[in-house]
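Have the viewer open and follow along.

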Amino acid sequence: MTSVITVSHLGKTYATGHAALKEVSLDIRRGEIFALLGPNGAGKTTLISIICGLVNATSGTVTVAGHDIVTDYRAARSRIGLVPQELTTDSFESVWATVSFSRGLFGRRASPAYIEKVLKSLSLWDKKDAKIMTLSGGMKRRVLIAKALAHEPEVLFLDEPSAGVDVELRRDMWRLVRELRDGGVTIILTTHYLEEAEEMADRVGVIAKGELILVEEKATLMTKLGKKQLTIELATPLPAVPEALGPYALARSPDGACLTYSYTATTTGEDDAGRSIAGLLAALDREGIAFKDLHTEQSSLEDIFVSLVRRAP
Ligand SMILES: Nc1ncnc2c1ncn2[C@@H]1O[C@H](COP(=O)(O)OP(=O)(O)OP(=O)(O)O)[C@@H](O)[C@H]1O
């Protein structure tokens, strides 16, 4: 797969002396949805702002569709749409005028048919003549997305798309993001909502204290680091875990009524030591241990994220 953005050894030290980014290198693949996760102050906005040409890097380089963001700024910037967190000014302009103007800023020829398509896909068509200042917060958010899409960018950045939006808009936005991706647009989103990354992203990058500590396919990340737990509720409490079950390293609840097996999810059902749920249940049967109920829990991306960030330098 080809890269659409290449970030190489990027560093940013603000005038205050604060090193907000340290040696960040990252390839964004064309057509993917990439979620950039990190706690407050990790450097997400700084990274996006540099790629979009709003903040100057202290060191390193970035290219967008092969164009250097410093030496070939206009070409690089015209490939990018940026949806900021907030609309900064209330506007007396209509939705239609505002979105059309954004397109013109990038030197694109007017295309009423394209603007109509964007407004319709964002359920803004019946508001096209409304002044921005009269719109609800959710509608203003939609306008921000329409503005970012107006010049048909190849890459769309969404900075905290779900912050302060209602469930309906979030769902609409997720649908739109998938449609855009299916249409060939690369999407990069920053988020605090792990649910959002879990739901949408093809790949996930985790940034902490200015360092990119991990980049991984979401599915791989979840199987590699995802722990599962099987809890077995026993028919009769056990005073101790029988020796024959030793390899499973079961945890016994203080009252002896439950046993918990922690394992790493694998596709074959067996881990490296040949342990499996089927094997455990057979061993319980051999030991004559009856159970009332079984339930499993799986760690979410949130658990994985919290443990990663805790381990960060
Ligand atoms: N203009 C600036 N001058 C000095 N320090 C700054 C400036 N902008 C950001 N910082 C600092 O750089 C660090 C990274 O900030 P950044 O906004 O990139 O983080 P973030 O991951 O986007 O956080 P959040 O999730 O809160 O938006 C923070 O410690 C922040 O205080």
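This is a predicted model: local features need pLDDT of at least 70, side-chain atom pairs count only at pLDDT 80 or more; totals for chains, interfaces and linings use all residues.

The protein chain has a mean pLDDT of 86, with 90% of its residues at 70 or more. For the complex, the predictor reports an ipTM of 0.95 and a pTM of 0.77.

Start at helix H1, residues 44–51. Which of the residues in H1 are buried? They are Lys44, Thr46, Leu47, Ile48, Ile50 and Ile51. That makes six of the eight residues in H1, so the helix is largely enclosed by the rest of the structure.

Now jump along to a pair of helices. Two packed helices are described by the angle between their axes and the distance between the axes. Here the pair is H3 (residues 95–105) and H4 (residues 112–121), which pack at an angle of about 120° with their axes 11 Å apart. An angle of 65 to 115 degrees would count as roughly perpendicular and one over 145 as roughly antiparallel, and H3 and H4 are therefore oblique to each other. As for handedness, H3 passes H4 in a right-handed crossing.

So what actually touches? On the H3 side you'll find Val95, Trp96, Val99, Ser100 and Arg103, and these meet Ile115, Val118 and Leu119 in H4. Sorted by class, the contact of H3 with H4 has six nonpolar residues, one polar and one charged.

Notes. Residues are numbered from 1 along each chain as its sequence is written. Axes are lines fitted to C-alpha atoms, for helices over the stretch in contact, and angles run from 0 to 180 degrees between N-to-C directions. Helices (H or I, at least four residues) and strands (E, at least two) are DSSP runs, numbered from the N terminus. Angles under 35 degrees count as roughly parallel, over 145 as roughly antiparallel, 65 to 115 as roughly perpendicular and the rest as oblique. A crossing is left-handed if the near helix is turned anticlockwise from the far one by less than a right angle, and right-handed if clockwise. Two residues are in contact if their C-beta atoms, placed from the backbone, lie within 7 Å. Ala, Val, Leu, Ile, Met, Phe, Trp, Tyr, Cys and Pro count as nonpolar, Asp, Glu, Lys and Arg as charged, and the others, Gly among them, as polar. pLDDT is the predictor's confidence in each residue, from 0 to 100. A residue is buried if 20 or more other C-beta atoms lie within 10 Å of its own, exposed if 12 or fewer, and partly exposed in between; C-beta atoms are placed from the backbone.
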